[in-house]
Amino acid sequence: MNIQPTPYDHPDAVTLNDAVQAEYAVRYGDEEGDATPLDPGMFVPPRGLYLLAYDSEGRPVATGGWRTQDANDEGYADGDAELKRMYVIPEARGLGLARRVLAVLEADARAAGRTRMVLETGTAQPEAIALYLSSGYAPCPKFGFYRDYPNSRCFAKPLT
């Protein structure tokens with residue numbers, strides 16, 4: 001498995017983003033998927049990072065990124081790194097890819113001086129919730145775009 005930094009707007013990243021958005025639409029029963037505003041510039045080091053994992057045949061199979069957040073009216077705190085677009089294609093699930101991508105993102109955010117990794121997921125993603133809980137994340141007060149949605153769940157993990 002080859003995990004490498006990739007621009008958020010790279011064609012392979014766009015392909016996997018479209019796939020995760022389609023999955024969100026099915027799981028949550030809406031047309032738009034995750035409507036959180038994202039811009040490629042949010043994932044440019046040292047204020048963020050976007051990763052793609054490729055299989056041995058060069059196919060993109062997993063993705064994830066983090067972006068800098070600081071205290072604001074959406075409930076973030078100074079020093080936050082927000083996890084975004086964690087996704088593994090169905091055919092590659094169960095191989096530990098999400099855990100590997102998560103570890104690289106945490107290490108990078110820590111090296112960039114971020115003190116806490118935060119993420120928002122939803123109740124229709126029990127596999128994601130299990131991954132985060134088993135990786136040391138704990139429930140935290142809600143933040144971000146979906147903070148007022150009842151099926152939203154927020155988690156945090158200290159990076160220090």
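Hi everyone, let me start with a cysteine: Cys-154 is buried, at 4% relative accessibility, where buried means under 20% relative accessible area with a 1.4 Å probe, protein chains only. Before going on, a note on the model: it is predicted, so local features need pLDDT of at least 70 and side-chain atom pairs pLDDT 80 or more, while totals for chains, interfaces and linings use all residues. Residues are numbered from 1 along each chain as its sequence is written, and side-chain values use heavy atoms, leaving out hydrogens and water.

How many disulfides does a search of the whole structure find? It finds 0, taking a disulfide as a pair of cysteine sulfur atoms within 2.5 Å. For Cys-140, the nearest cysteine sulfur is that of Cys-154, 5.4 Å away.

Now to helix α2, residues 97–111; helices here are DSSP runs of H or I with at least four residues, numbered from the N terminus. Its buried residues are Leu-97, Val-101, Leu-102, Leu-105, Glu-106 and Ala-109. They cover an arc of only 160° around the axis, so they sit on the same side of α2; that arc is taken from the directions from the helix axis to the C-beta atoms. Just after α2, Gly-113 has a positive phi of about 90°.

Let's stay with Glu-106, buried at 8% relative accessibility. Leaving aside neighbours within four places in sequence, Glu-106 is in contact with Met-117, Tyr-137, Lys-157 and Leu-159, contact meaning heavy atoms within 4.5 Å. Thanks, everyone!

Technical notes:
Helices (H or I, at least four residues) and strands (E, at least two) are DSSP runs, numbered from the N terminus. The expected span of a helix is 1.5 Å times one less than its number of residues. Buried means under 20% relative accessible area, exposed over 50%, partly exposed in between (1.4 Å probe, protein chains only).
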